[in-house]
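Here is a friendly note to read with the model open beside you. Please take the points in order and find each residue as you go.

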Amino acid sequence: KAFPDSRILKIKRLEKGMINKNYDISIRNPDKNLILKIYPKDEWKAKKEEFLYNLISRRTDAPVPKVYITDISKKILPKAFIIYSKIEGQNLEVYYKNTKNTEIIERAGEFLAKIHSIKFPAYGWIVGKEIEPKFSQWPDFMSYDMDEKLDKLSKIKKIPKNMLYRIIDYFNDNKELLNINNEPCLLHKDYHFSHIFVKENKTFGYNAKNKAYHC
């Protein structure tokens, strides 16, 4: 649908990703390397990811994937999916271990600052293109977010109860640190080495995945 005259050369399942299924696809006519991400549930996340990539691309010069198609109809595939350009390059963790180049770490920080420059009217989760639920204060949202996550963790039998109590105690003991004066901005809660790519030892790529929230 996105490239009607192309033919597929290669499809490879990517092992990373605990929830969504990711595939590396090479096509010809035009020659492109693509990523297909399939969402087993929460199909709204596909639209959220498209929204975030386009938003970051419009508001900053941070290199993010180009979205070619997003579909939540389940008529093309039985699940919602998104296809976007593959960011080429070397995993930043591997690159740094081999080079010890701290300048590229500073570049990663610069791009993170640009992402944080995107402001919003409220704190909350991004659901599709909207903020749901909305909070006027950061501590209120974090308390809500904590309760939601603890509820999910409590249903996982492998997680001991005492660990949940320790999390609650730590959160309550340090809650005053959440009192900030900053206005709501885009926050990536999964910004780490494995999601950042270095190309030709000087350029920088960033994969937003689907974990962007507001802060």
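**Notes on the model**

1. Let us start with Lys97, which is exposed, with a relative accessible area of 55%. On this scale, buried means under 20% relative accessible area, exposed means over 50%, and partly exposed is in between, using a 1.4 Å probe and protein chains only. The side chains of Glu93 and Lys97 meet in a salt bridge, 3.6 Å from N to O. A salt bridge here is a side-chain nitrogen of Lys or Arg within 4 Å of a carboxyl oxygen of Asp or Glu. Why are Glu93 and Lys97 separated by about one helical turn? Because they are four residues apart in helix α2 (residues 92-99).

2. A word on where this comes from: the model is predicted, local features need pLDDT of at least 70, side-chain atom pairs count only at pLDDT 80 or more, and totals for chains, interfaces and linings use all residues. Residues are numbered from 1 along each chain as its sequence is written, and side-chain values use heavy atoms, with hydrogens and water left out.

3. How confident is the predictor? The pLDDT, its confidence in each residue from 0 to 100, averages 88 over the protein chain, and 92% of the residues score at least 70. Over residues 208-215, however, the pLDDT is below 50, although this stretch has 51 contacts in the model beyond near neighbours in sequence. Contact means heavy atoms within 4.5 Å.

4. Please look at Tyr96 next, which also sits in helix α2. Helices (H or I, at least four residues) and strands (E, at least two) are DSSP runs, numbered from the N terminus. Tyr96 is partly exposed, with a relative accessible area of 25%. Leaving out residues up to four places away in sequence, Tyr96 touches Asn101, Thr102, Ile105 and Phe193. Tyr96 and Val198 are 102 residues apart in sequence, yet their C-alpha atoms are 9.5 Å apart in space.

5. How many salt bridges does the structure hold? There are 12. One of them joins Asp42 and Lys45, with the closest N and O atoms 3.6 Å apart. Asp42 is partly exposed at 31%, whereas Lys45 is buried at 19%. Glu50 and Lys47 also form a salt bridge, at 3.6 Å from N to O. Because these two are three residues apart in helix α1 (residues 44-59), about one helical turn separates them. Lys47 is partly exposed, at 30%. Elsewhere, Asp145, Lys149 and Lys189 are linked in a network of salt bridges.

6. Is Ser143 buried or exposed? Ser143 is buried, with a relative accessible area of 17%. This residue lies in helix α4 (residues 138-154). Not counting residues up to four places away in sequence, Ser143 touches Phe171 and Lys175.

7. Last, the second largest pocket has about 350 Å³ of space. Its lining has 16 residues, with Lys1, Ala2, Ile8, Ile25 and Ile83 nearest the centre. A pocket is an open set of points on a 1 Å grid over the protein atoms alone where a 1.4 Å probe fits, with protein on both sides within 12 Å along at least five of seven lines; lining residues have an atom within 4 Å of a point. Grid points are joined across faces, edges and corners, and the volume is the space filled by probe spheres set on the points. Strands β1 (7-14), β2 (21-28), β3 (32-39) and β5 (80-85) each supply at least two lining residues.

Technical notes:
pLDDT = per-residue confidence, 0-100.
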